[in-house]
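Have the sequence and the structure open while reading.

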Amino acid sequence: MARVLTPRAEDFPRWYQDLIAKAQLADNGPVRGTMVIRPAGYAIWERMQAEMDNRIKATGAENAYFPLFIPESYLKREAEHVEGFSPELAVVTHGGGKPLAEPIVVRPTSETVIGEFMAKWIDSYRDLPLLLNQWANVVRWELRPRIFLRTSEFLWQEGHTAHVDEADARAYARRILHEVYEDMMVNVLAIPVVVGRKTARERFAGATSTYTLEGMMGDGKALQLGTSHELGQNFARAFDITYSAATGGTQHAWTTSWGTSTRMLGGLIMTHGDDNGLRVPPRLAPIQAYVMVVKAGDGVVEAAVKLRDALRDAGVRVALDERVDTPFGRRAVDAELKGYPVRVEVGPRDLAAGNAVVVRRTDGSKTPVPVADAVSAVLAALDADQRALHDEALALRESRTFEVNTLAEAIEAAATGWARLPWSAVGVAGEAEANGQGVTVRCLVRADGSVPDSEDEPDLVAILARSY
């Protein structure tokens, strides 16, 4: 396999690009910074969408859709927001062959356009909370693109909500953080995440609080996998989102926003991939079991079809590969690259002994099992390997997270992993110094690992790392 992929230990960025190409996940688009997501990659994204969408709806949010084009004047109404996004904006100045009266921004996010309609739709406290989500594409002009991690156009979900008071908005932003994002990332993507609070320097433009989920990638760097924001009343004031209170009078609503994107695909690759290709956690995998005919004849194809049907009846997402005109070795390598959790190989020799071979992608083990026991063996392997991938990623994070006492030690530790130290030993000045050396404060957590309500709480712990 070394001839197929650059080894991770030799050149991690090259390995990442090789894997995306060889596993046929995505390709570069015709405009610099854009990407084409191929069927194998899009199938994984569809599974991510389905899992995320179910969790979002369980919190009471409803899906809607808002325009791709946003009047430039909308963004300017929330000054901090437009200032934060201005270097990344793509602006349309002509339409229909004529100059536009007002430039149009291709949405970098939708706080402003959704704020405009929230103001239109909300009259009374009875209209709150208003819980919206949309699945869409966004454009942020990227100077240093990398497929899935930083592209000028990417896919995501973005939630936007309005509430009667700060406490309700905070509770909902935290609910999304834990019940939707953390649950999805840990239990489906098998990525252990540190959930914390961003510093004021790292906070989303226009937010009063930003919460984040940080994962450690295979090279020890951090990746922000999702964020949830309290927006206070900043956007409500800018867009006049008001409601008639139950006690009388008119008040501004409190709003939130939250999002995850195709960056999760990049995180999946860099967390679980190995020198043989992608490893997809079974709960996420579009194809959980891949039944392969090694060689036709002697009832092999018929036995493979029966196995496929039995696995499907057992609730397994399964596919059958009976392309015997393609060398088996080439097909096996392709299956390894794409990261199918389990392969079930059916050949004349094994079948004559009443067996099929169960191959587990996570550890590479190959086990002959009686055909009658193949379904139960696959189910057991899928369950075990979901846990194994999470535990392996957690062990890596724990082994490369260093407890330090000074900023200098933290910056040194960030060369190979993460550093944990008292936030009081970093502070605003220390954070700026670390940024100058390519190291960021990924988040702040309490000593017990919980999410703080404020960066001014005593005894907070800062996590510093290099990041994507």
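Leaving aside its neighbours within four places in sequence, which residues is S261 in contact with? The model is predicted, and in it S261 touches W45, F154, L155 and W156, once neighbours within four places in sequence are left aside. S261 sits in strand 14, which covers residues 254-261. Its relative accessible area is 13%. Buried means under 20%, so S261 is buried.

**Two helix pairs**

Helix 2 takes part in both pairs tabulated here.

| Pair | Angle | Axis distance |
|---|---|---|
| Helix 2 (residues 39-58) and helix 6 (residues 166-187) | about 155° | 10 Å |
| Helix 2 and helix 8 | about 110° | 10 Å |

Take helix 8 first. The angle of about 110° makes helix 2 roughly perpendicular to helix 8. The crossing is right-handed. On the helix 2 side, the contact uses G41, I44, W45, M48 and M52. Helix 8 answers with M264, L265 and L268. By class, this contact has 7 nonpolar residues, 1 polar residue and no charged residues.

Now helix 6. Helix 2 and helix 6 are roughly antiparallel to each other. Here too the crossing is right-handed. From helix 2 come M48, E51, M52, R55, I56 and A58. From helix 6 come R175, E179, V180, Y181, D183 and M184. The contact of helix 2 with helix 6 divides into 7 nonpolar, no polar and 5 charged residues. M48 and M52 meet helix 6, and M48 and M52 also meet helix 8.

**R174 in helix 6**

R174 belongs to helix 6. Is R174 buried or exposed? At 17% relative accessibility, R174 counts as buried. Neighbours within four places in sequence aside, the contacts of R174 are Y211, V451, P452 and D453. From R174 to M35, the separation is 139 residues in sequence and 32 Å in space, C-alpha to C-alpha.

**N133 in strand 7**

N133 lies in strand 7, residues 130-139. It is buried, with a relative accessible area of 2%. Which side chain joins that of N133 in a polar contact of 2.8 Å? The partner is Q157. With neighbours within four places in sequence left aside, the residues touching N133 are D53, I56, E62, N63, A64, Q157, E158, G159 and W258. One of these, I56, also takes part in the contact of helix 2 with helix 6.

Helix 1 spans residues 12-22. Its buried residues are F12, W15, Y16, D18, L19 and I20. Their cover includes strand 1 (26-28) and helix 8 (263-272). At the start of helix 1, a side-chain oxygen of D11 comes to within 3.1 Å of the backbone nitrogen of R14. After helix 1 comes Q24, with a positive phi near 60°.

Helix 10 runs over residues 328-338. Which of its residues are buried? They are R331, A332, A335, E336, L337 and K338. What covers them includes helix 1 and helix 2, along with strand 15 (289-293), strand 16 (318-321) and strand 17 (342-346). G339 follows helix 10, and its phi is positive, near 80°.

Technical notes: Residues numbered from 1 in each chain as written. Predicted model: local features only at pLDDT ≥ 70, side-chain atom pairs only at ≥ 80, totals over all residues. Heavy atoms only, no water. Buried < 20%, exposed > 50% of the residue type's maximum accessible area, 1.4 Å probe, protein only. Helix = DSSP H or I, 4+ residues; strand = E, 2+ residues; numbered from the N terminus. Contact = heavy atoms within 4.5 Å. Polar contact = N/O pair within 3.5 Å; in protein donor to acceptor, adjacent residues only side chain to side chain. Axes fitted to C-alpha atoms, helices over the stretch in contact; angles between N-to-C directions. Parallel < 35°, antiparallel > 145°, perpendicular 65-115°, else oblique. Left-handed = near helix turned anticlockwise from the far one by under 90°. Nonpolar A, V, L, I, M, F, W, Y, C, P; charged D, E, K, R; others polar.
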